[in-house]
Amino acid sequence: QVQLVESGGGLVQAGGSLRLSCVASRSIGSINTMGWSRQAPGKQRVLVAVITSSSNTNYADSVKGRFTISRDNAKNTVYLQMNNLKPEDTATYYCNARTGSSLYPNYWGQGTQVTVSS
């Protein structure tokens with residue numbers, strides 16, 4: 001079991017930056033992957049960034065070059081640095097974790113809202 005708590009969302013103007021944080025209830029060193037997904041109103045939730053236990057990363061095309069995912073195992077925390085934000089980045093952002101033999105994320109946080117004004 002792992003609980004995930006996100007923070008750092010808010011309202012920002014286009015071109016601005018935000019850093020999201022996700023604190024896990026236990027050590028993340030052995031968690032297969034951790035990631036961030038987002039869901040805009042009326043749309044499906046989509047994965048935007050993933051980081052493995054060996055710190056390999058992968059990004060959705062829509063955020064490549066603008067978002068950076070990182071992890072601090074000592075703090076049980078995963079971050080999402082978001083730069084050059086666009087109005088289309090407006091969504092609720094969810095932290096997730098994939099543990100054990102699960103093929104897909106099996107733990108989710110409650111979400112944090114990011115709103116980008118034009």
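In the hairpin of β5 and β6, which residue takes a positive phi? That's S55, with phi near 70 degrees, and the hairpin has four residues between its strands. Keep in mind that this is a predicted model.

**Strand pairing around β5**
- Strand β4 (residues 33-39) runs antiparallel to β5, and six bridges join the two.
- On the other pairing, β5 and β6 are also antiparallel, joined by three bridges.

**The β4-β5 turn**
- β4 and β5 make a hairpin with six residues between them.
- G42 sits in that turn, and its phi is positive at about 75 degrees.

- Most residues other than glycine have a negative phi, so the next two deserve a look.
- S55 falls in the loop between β5 (46-52) and β6 (57-59), and S55 isn't a glycine, yet its phi is near 70 degrees.
- N84 is no glycine either, but has a positive phi of about 50 degrees; you'll find N84 in the loop between β8 (77-82) and β9 (91-98).

**Buried or exposed?**
- S55 counts as partly exposed because its relative accessibility is 42%, which falls between the 20% and 50% cut-offs.
- N84 has a relative accessibility of 42%, so N84 counts as partly exposed.

How values were computed:
Residues numbered from 1 in each chain as written. Predicted model: local features only at pLDDT ≥ 70, side-chain atom pairs only at ≥ 80, totals over all residues. Heavy atoms only, no water. Buried < 20%, exposed > 50% of the residue type's maximum accessible area, 1.4 Å probe, protein only. Pairing = 2+ DSSP bridges.
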